[in-house]
Every structure is written in C-alpha cells, then in structure tokens.
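Open the model in your viewer and get ready to select residues by number. We will go stop by stop.

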Amino acid sequence: MPVVLGIETSCDETGVGIVADGVLLGDALATSMDEHARFGGVVPEIAARAHLHAITPMVRHALDRAGLGFADIDAVAATAGPGLATAVQVGLAAGKAYALTLGVPLYGVHHLAGHAAVDVLDHGPLPARSVALIVSGGHTSLLLLGDLARDPVVHLGDTADDAAGEAFDKVARLLGLPYPGGPAIDAAARHGDPTAIAFPRPMTAPGDLPYRFSFSGLKTAVARWTERHHGPLPVADIAASFQEAVADTLTRKAVAACRGHDIDTLLLVGGVAANSRVRALAQQRCHAAGITLRVPAPRLCTDNGAMIAAVGDLLVRAGVGPSALTLGADPNAVLTRATIPGAALQG
Ligand code: KG4
Ligand code: ZN
C-alpha cells in the first residue's frame with residue numbers, strides 16, 4: 001500500500017502525518033500558538049517563520065513514530081490553500097522539495113478537504129453520500145459530499161460573515177479569556193448555566209436561508225450584553241450561554257440539511273468540532289433523527305498533518321493524477337474538490 005506523507009502549515013500548526021490505506025502510521029505537531037497569544041490572534045510572519053523552523057524536525061518525528069524512513073514514502077500531500085499566504089507557502093515548498101528529492105508525486109490539497117478526510121482514520125471509509133459540517137476558525141460550511149477524492153463538493157450554505165471558530169475567539173477576547181478562544185470558552189462554560197442568557201440563534205427565523213450561517217450578530221449581542229452589565233462579569237454563564245447558541249444553531253441546521261437531502265450520515269469536522277457541547281448536542285439530535293454522526297477524536301479536529309496525509313491517501317488510492325511542481329499556493333481557495341483546482345499535472 002502506498003505510504004503518503006502529509007504536510008499542513010496553513011495557520012499556526014506545523015503538522016506532519018503519515019498515512020497508508022486509511023491508517024495513521026505516525027504524526028507530529030508543533031504550534032506557534034504561544035508566540036501569537038499576546039497579539040490576540042495569529043501573526044502571519046511569526047507563523048511562517050515558526051513553520052520554517054519546525055517542518056524538518058516534525059517530518060523526522062512523524063517518520064520515527066511510524067518506524068519508517070524517507071525511502072518508504074510513495075507520495076507527498078501538502079496544503080496548498082486556503083490559509084495565511086506565507087504560512088501555506090512554507091509547507092507547500094517543503095512538500096515540493098520532498099517530492100522532488102524522493103522522486104514521488106506531489107498532491108496540493110485543500111485544507112478543508114483534510115478536515116473531512118481525517119475522519120476516515122478514526123471511523124473507516126466514508127459512505128457514498130454524506131453531509132459535512134465544517135466548522136473552523138476561518139470557515140463554516142454545510143456541504144454535500146460524494147466520493148471526496150473524485151466528486152465535486154456541493155456547498156449547501158456557508159457563513160455570511162464570521163466563522164464559528166472566529167466567533168469563539170472574538171467572544172473569548174471580550175471576556176478576557178486567552179487565545180485561542182474556543183478551548184477557553186469550552187472550559188469556562190463547564191461551570192456556567194447555558195440557559196442564563198438568551199442569546200440569539202442567528203439565521204433561524206422563518207424566511208432565513210436554512211443552511212446559511214451568520215455569527216457576527218451573535219458576537220455583537222454578547223458585546224452589548226457585557227456593556228450593559230453592571231458589576232463583575234458572570235464569565236461562566238456568558239460562555240455557556242454563547243456556546244449553547246452556537247451549538248444549537250450549528251446542529252439544528254446540520255440535521256435539517258441531512259433531512260432535506262435524504263442523507264443519513266453527518267460528518268462534523270474542523271476545530272469547533274472539538275467543542276464538548278457541539279459534540280454532545282450533535283450526538284443527541286442525530287440520534288433522535290436517526291442520523292449516524294461521525295466526529296473525529298478532538299485532537300484530529302483541530303489542524304494537524306494526519307488530515308492532509310488522509311486526503312493524499314484517498315487521492316492516491318483513487319488514482320487521481322498528481323499536481324504540477326509549479327503549483328502555487330492559493331490562500332483564498334474555495335472548496336470545490338479535494339485538490340486545489342488548476343493544480344493537476346497535464347498528460
Ligand atoms: O480547524 P482549526 O484548527 O483551524 C482552522 O482551520 O481555522 O480551527 C481553529 C478554531 C479556532 O477558532 C478555535 O478557537 C476553535 O477552532 N476551537 C474550538 C475548540 N477548539 C478549537 N472552538 C470551540 N471549542 C473548542 N473546544
Ligand atoms: Zn483547519
């Protein structure tokens with residue numbers, strides 16, 4: 001079975017994974033998160049420099065953990081977009097260098113396809129059709145998936161403004177919680193009452209597009225509430241009530257998308273899929289609706305290298321042609337298929 005080396009550097013995680021035939025053989029992850037914390041968000045130049053330092057050691061670590069050497073690698077997959085331009089470029093350049101020196105094909109893949117593909121490592125092959133809810137720091141989309149390696153991805157709805165993860169990060173900042181905000185809100189919410197404050201459920205009124213999202217108004221509602229409040233902020237209650245509003249909105253729309261398209265499998269993926277309440281409510285609602293929920297283990301929900309190796313593995317096994325080594329990074333790539341469009345090698 002071909003062994004695929006995957007490289008992910010689209011944001012602040014330098015991830016490397018090694019996958020063969022749907023099995024994760026080894027992976028390694030470095031993060032520059034601490035270097036960005038005092039800026040309240042990721043600084044692209046700092047992230048890119050950190051990737052440059054971390055990429056070679058992470059490849060070595062992942063190979064060691066898999067008990068493999070460079071000679072065992074049959075293909076390389078690297079995130080070619082979307083993401084921070086300078087950050088993506090480091091990983092893509094590294095991927096090209098490994099592919100060229102090892103004499104193996106390169107696959108420039110879409111970061112969000114990686115979020116979906118990673119579930120194969122935890123739960124086996126994807127069904128012929130599924131609905132995927134991808135919720136990350138930069139994206140929130142409800143998608144119709146067929147064969148992820150071959151079929152185009154159909155967007156049922158995306159966010160009109162902020163992504164769900166972005167809302168977590170911004171609300172955490174309002175509450176004086178550290179970056180990244182998602183895990184901090186998740187932790188604070190454990191001690192709070194999710195019914196304490198009735199925050200709005202955006203885009204859920206009759207007449208609203210059923211599969212479209214919007215989180216900027218919810219973030220503003222939290223800001224207005226905190227401005228009007230006198231005395232110490234009830235951080236745990238605000239965190240729990242905000243988290244409940246996000247979890248309710250996401251899972252309601254995802255279940256509706258499955259029902260509306262007669263699909264019985266929901267794939268919940270991306271960094272926000274690591275959220276304990278989003279996972280629990282999705283499980284409860286899918287169970288009630290007779291939908292099979294697939295959610296990767298939390299460590300595979302946030303950015304990592306295994307997810308990119310998982311896409312590469314699907315592409316290689318499906319016989320999809322590799323990318324040209326002239327492929328450029330596409331920081332704004334829209335998810336239309338697993339590979340970055342225009343990247344296919346001719347002939
Ligand atoms: O997928 P990801 O690792 O990176 C992107 O592709 O953006 O997602 C990162 C996002 C951040 O906004 C982070 O706050 C959020 O995922 N996140 C969470 C949790 N863990 C990470 N949000 C809510 N609860 C969590 N436990
Ligand atoms: Zn991501």
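**Stop 1: the largest pocket.** Start with the largest pocket, whose volume is about 1200 Å³. Here a pocket is an open set of points on a 1 Å grid over the protein atoms alone, where a 1.4 Å probe fits, with protein on both sides within 12 Å along at least five of seven lines; lining residues have an atom within 4 Å of a point. Volume is the space filled by probe spheres set on the points, which are joined across faces, edges and corners. Select Cys11, Gly137, Gly138, Asp169 and Tyr179: of the 42 lining residues, these are the closest to the pocket's centre.

Now colour three helices: H4 (111–117), H6 (164–174) and H7 (181–189), the elements that each give two or more residues to this lining. Helices are DSSP runs of H or I with at least four residues, strands are runs of E with at least two, and both are numbered from the N terminus. H6 gives the largest share, seven residues.

A word on the ground rules. This is a predicted model, where local features need pLDDT of at least 70 and side-chain atom pairs need 80 or more, while totals for chains, interfaces and linings use all residues. Residues are numbered from 1 along each chain as written, chains are lettered from A and ligands numbered from 1 in written order, and side-chain values use heavy atoms, without hydrogens or water.

**Stop 2: helix H6.** Then click Gly176, which follows H6 and has a positive phi, near 75°.

**Stop 3: the second largest pocket.** This pocket has a volume of about 230 Å³. Of its 15 lining residues, Pro125, Leu126, Asp147, Leu314 and Arg317 are the closest to its centre. Helix H12 (residues 306–318) gives the most to this lining, four residues.

**Stop 4: the cysteines.** How many disulfides (pairs of cysteine sulfur atoms within 2.5 Å) are there? The count is zero. Go back to Cys11: the nearest cysteine sulfur, that of Cys301, is 16 Å away. Finish at Cys258, where the nearest cysteine sulfur belongs to Cys286, 6.2 Å away. Cys258 is buried, at 1% relative accessibility.

Technical notes. Disulfide = S-S within 2.5 Å. Buried < 20%, exposed > 50% of the residue type's maximum accessible area, 1.4 Å probe, protein only.
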